[in-house]
Amino acid sequence: MKKQLLSALIGASLLAPMAASAADYVIDREGAHASITFKVSHLGYSYVVGRFNDFSGDFSYDAAKPTAAKVNVTVNTLSVDSNHAERDKHIRSADFLNTSKFAQATFTSTTVEDKGNGELVINGNLTLNGVTKPLAINAHAVGEGQDPWGGYRAGFTGTTTFAMKDFGIKMDLGPASSHVELDLVVEGVRK
């Protein structure tokens with residue numbers, strides 16, 4: 001009787017569908033397969049475009065259960081690069097990023113909404129210039145799979161916009177220049 005019960009339990013466990021679990025990924029900065037770029041209107045006449053050259057992070061993701069995803073990113077704000085040394089010096093100043101006091105910005109997800117067809121809204125907290133506020137990122141799951149080097153990768157794009165004043169940035173360049181648009185490209189390598 002014990003053998004039959006044990007056989008039945010083993011058979012049932014083999015036939016039961018395997019529960020999907022999220023995989024953990026590290027953002028691929030080493031291979032330059034990720035980027036954080038920004039765009040800010042310059043007085044309503046043009047745009048200043050730049051990027052952060054130094055950041056790191058990780059995420060967990062399961063395509064079968066995207067609402068369980070988690071994201072953590074740390075940005076070295078000293079690495080701001082708008083392709084103009086004097087402007088970068090001003091962006092690092094207390095007028096904007098105040099990098100002498102706050103050399104890092106962080107984003108930590110709190111919830112993820114699945115909008116279908118690979119579209120996600122990643123809600124979380126952005127800490128910038130010593131201020132933490134909620135931020136939503138509209139994301140798209142680009143794809144995932146084996147890479148040529150024996151690893152497994154997953155990639156996403158994302159966009160968000162925030163008001164500088166919400167993060168204590170007081171430099172007033174007029175209403176046209178009051179918001180920052182972020183474009184994110186994230187490719188992770190499974191740990």
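Which residue in E8 does Asp114 stand opposite? Asp114 faces Leu120, and we will come back to that pair once the ground is laid. The structure here is a predicted model, in which local features need pLDDT of at least 70 and side-chain atom pairs count only at pLDDT 80 or more, while totals for chains, interfaces and linings use all residues. Residues are numbered from 1 along each chain as its sequence is written, and side-chain values use heavy atoms, with hydrogens and water left out.

Let us start with confidence. pLDDT is the predictor's confidence in each residue, from 0 to 100. Its mean over the chain is 89, and 86% of the residues reach 70 or more. Residues 1-20 are another matter: pLDDT stays under 50 there, and the model has two contacts (heavy atoms within 4.5 Å) beyond four places in sequence for this stretch. Where pLDDT is low, the predicted coordinates should not be read in detail.

Now for the overall layout. Along the sequence, the pattern reads α-β-β-β-β-β-β-α-β-β-β-β-β. Of the contacts with a separation of 6 or more, 55% are between residues 24 or more positions apart.

Two strands pair if DSSP finds at least two bridges between them. E7 pairs with strand E5 (residues 70-76) in the antiparallel sense over five bridges, and Asn72 has Thr108 in E7 as its bridge partner. E7 also pairs with strand E8 (residues 119-128), again in the antiparallel sense, over nine bridges. This is where Asp114 stands opposite Leu120. The two strands form a hairpin with two residues between them, and Asn117 in the turn has a positive phi of about 55°.

Charged side chains give another view of the model. With a salt bridge taken as a side-chain nitrogen of Lys or Arg within 4 Å of a carboxyl oxygen of Asp or Glu, the count comes to seven. One of them joins Asp81 and Arg51 at 3.8 Å, N to O. Asp81 lies in strand E6 (residues 80-81) and Arg51 in strand E3 (residues 46-52), so this pair ties together parts that are 30 residues apart in sequence. Asp81 is partly exposed at 22% relative accessible area, and Arg51 is partly exposed at 43%. Another salt bridge links Glu113 and Lys115 at 3.2 Å, N to O; Glu113 is partly exposed at 33%, whereas Lys115 is exposed at 53%. The side chains of Arg153 and Asp147 meet at 2.8 Å, N to O, and both of these residues are buried. Salt bridges with shared partners join Asp28, Asp147, Arg153 and Glu187 into one network.

Finally, a few loops deserve a visit. Ser41, in strand E2 (residues 35-42), is buried at 12% relative accessible area. The side chain of Ser41 reaches the backbone nitrogen of Gly44 at 3.1 Å. Leu43, in the loop between E2 and E3, has a positive phi near 60° without being a glycine, and is partly exposed at 39%. Asn83, which is not a glycine either, has a positive phi of about 65°. Asn83 sits in the loop between E6 and helix H2 (85-92) and is exposed, at 72% relative accessibility. Ser93 belongs to the loop between H2 and E7 and is partly exposed at 23%. Between Ser93 and Leu78 there are 10.0 Å in space, C-alpha to C-alpha, and the two are 15 residues apart in sequence.

Notes. Helices (H or I, at least four residues) and strands (E, at least two) are DSSP runs, numbered from the N terminus. Buried means under 20% relative accessible area, exposed over 50%, partly exposed in between (1.4 Å probe, protein chains only). A polar contact is a pair of N or O atoms within 3.5 Å; within protein, one must be able to donate a hydrogen and the other to accept it, and residues adjacent in sequence count only if both atoms are side-chain atoms.
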